[in-house]
Amino acid sequence: MYKALGKQRLIYRSRIASYVKAGLIDQAIQVFDEMSQSDCRMFSVDYNRFLGVLIKNQRFGLSEYYYESLNSKGFSLNSFTYSRFISGLCELRNFELISRLFADMDSLGIVPDIWAFNIYMYLLCSESLVDDALKILGFMGEKGREPDVVSYTIMISGLCRIKLYDEAIELWKVMIKKGLNPDTEACRALVLGLCDSGKVDLAYELTVGDMREKVSFNVVIYNALISGFCRVGRIDKALAIKNFMRRNGCEPDLVTHNVLLNYCCNALMLEEAHKLIAKMERSGMEPDIYSYNELLKGLCKASRVDKAYLLLVDKMEAKGFVDVVSYNTIVSALCKAGRSGEAYKLLGEMGRKGVAPDVITFTILIDAFLKKGNSVIAKDLLDQMTKMNLFPSLELYTTIVDHLCKTGRIKAARGIFHDMVEQGIRPDVVSYNALICGCCRAFEVSEALHLFELMRSSGVHPDEVTFKLIIRGLIKEKKLSLACGMWDQMMEKGFTLDSYSSETLIDAINSKEVS
């Protein structure tokens, strides 16, 4: 009898394995169900193998169901299967089930593999749950799974991401003290975090300074340090690192040169920028579109827009390096120089040359023509934009509404505001304030009050400017009782009214103009 059942068990296992190998998971599940309902004795290994198949094939709903089943029958998963299960659930961000698995393992005295811990910590850090990740790091040590370099790298990166740099440095020192040599990923995490916070000297000291004999630094780390020193204006240090990396067998790459080019162009060191481009070309390192766009930006920043345009048509076009960013840089420079007519012509040139304008192109031009008081061309640009299925940003819509209100075209401003809502763009307090200001100027304070109620019902909180605009509008229209009521609401929110308006309302109250 027992031999017969043992033979039957082997048949079931063989059938399940065959279906899994053929990718027929549903059939494998069906056979497993038959096996579990038969007289065959099942073992933990059967559940571990089967759960492993379900997890591998991302059948997590079924994995949870069969996990419940094995628990009810007194079986348990082994460390490896638990680890796979946790890793799979991390992809789904199923924190509730992950926590339960950890609790079950703890009660059974089972500890996940280190890679499962690391994957879970990475998930927690990516969700900004760094405190929870730190608890897991401590839990690993308590359970005899000493964190490795990957564990510390994940945590250092997570701490830097939420700007807890002192804690990241402390963890770095703990890692070194434990005899773990950081790899390039660990160094990169620390360097990027510290450089982003302006602590470039410390980033250099803790990595290249202290670890140069233990770690072979790659170009990414050197570039991060060079970029960091450039951002704090230390070009001498940046160039020293460039020379140091070359002496240590790490050749500067295109990114290295583009970082230095960016610094030169921002600092208006245009002669140095041109020399750097020429040096790159001589060394066989071809500058890319980013390189030339940086040079273009530098020329425009130095008010040499005509020279920038010549660079675009004479050199960049021949290399196929002209894109919408290139044109936007020149269009913006022309508009800032008061040459919006020439900028407008470039829009046509872009079309002829197959460079499609984007939202930024139209935003620059519309803003320029509105500032010049030419709302006709601005409206024409807006129409062109929507025909190309390009829709203005909230900021551009607000700019248009504000301009129309300031020029007394309240009806048109309301139309644009309505279009914005129709496009699914949710107005913010600045957008509402622009239209409320226009209504109050036009002696349409009742419309301003309607907008005030609309913004509140839409979940947009009025700010101090909103209250001041409406109160001034009510005072202008001699609606002093309403103005006092609005003043009460304003004070409840902790906002302060300007002295002129408050004195006007106090005088009205004292003279009994307000009941």
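Reader: Which residues does Ser431 touch, not counting residues up to four places away in sequence?

Author: The model is a predicted one. Ser431 lies in helix H25, which comprises residues 429–441. Once residues up to four places away in sequence are left out, the residues that Ser431 touches are Leu394, Thr398, Phe417 and Met420.

Reader: Does Ser431 count as buried or exposed?

Author: The cut-off for a buried residue is under 20% relative accessible area. The relative accessibility of Ser431 is 1%, and therefore Ser431 counts as buried.

Reader: How far apart are the end C-alpha atoms of helix H18, and what span should its 15 residues have?

Author: Helix H18 covers residues 305–319, and at 1.5 Å a residue its 15 residues should span 21 Å. The expected span is 1.5 Å times one less than the number of residues. The end C-alpha atoms of H18 agree with this, being 20 Å apart.

Reader: Where does H18 bend, and by how much?

Author: Among the buried residues of H18 are Val305, Ala308, Leu311, Leu312 and Met316. At Leu312, H18 bends by about 35 degrees.

Reader: Which helices are included in what covers the buried residues of H18?

Author: After H18 comes Gly320, with a positive phi near 70 degrees. The cover over the buried residues of H18 includes helix H17 (289–301) and helix H19 (324–336).

Reader: Which helix gives the most to the lining of the largest pocket?

Author: The largest pocket has a volume of about 220 Å³. Its lining consists of Ile235, Leu239, Lys242, Leu260, Cys264, Met269, Glu272, Lys275, Leu276 and Lys279, divided into six nonpolar, no polar and four charged residues. Helix H14 (235–247), helix H15 (254–266) and helix H16 (270–282) each supply at least two lining residues. The helix that gives the most, with four residues, is H16.

Reader: Which elements give two or more residues to the lining of the second largest pocket?

Author: The second largest pocket has a volume of about 190 Å³, and its lining divides into seven nonpolar, no polar and three charged residues. The lining is made up of Arg13, Ile16, Ala17, Val20, Phe32, Met35, Asp46, Arg49, Phe50 and Val53. The elements that give two or more of these residues are helix H1 (2–21), helix H2 (25–37) and helix H3 (44–56).

Reader: Which helix gives the most to the lining of the largest cavity?

Author: A search of the whole structure finds one cavity of 30 Å³ or more, and about 40 Å³ of space lies in the largest cavity. The residues that line the largest cavity are Phe102, Met105, Asp106, Ile110, Val111, Pro112, Phe139 and Lys143, of which six are nonpolar, none polar and two charged. The greatest contribution to this lining, three residues, comes from helix H6 (residues 95–108).

Definitions and conventions. Residues are numbered from 1 along each chain as its sequence is written. This is a predicted model: local features need pLDDT of at least 70, side-chain atom pairs count only at pLDDT 80 or more; totals for chains, interfaces and linings use all residues. Side-chain values use heavy atoms; hydrogens and water are left out. On a 1 Å grid over the protein atoms alone, a cavity is a set of points where a 1.4 Å probe fits but cannot get out, and a pocket is an open set with protein on both sides within 12 Å along at least five of seven lines; lining residues have an atom within 4 Å of a point. Grid points are joined across faces, edges and corners, and a volume is the space filled by probe spheres set on the points. Ala, Val, Leu, Ile, Met, Phe, Trp, Tyr, Cys and Pro count as nonpolar, Asp, Glu, Lys and Arg as charged, and the others, Gly among them, as polar. Buried means under 20% relative accessible area, exposed over 50%, partly exposed in between (1.4 Å probe, protein chains only). Contact means heavy atoms within 4.5 Å. The bend at a residue is the angle between axes fitted to the seven residues ending there and the seven starting there.
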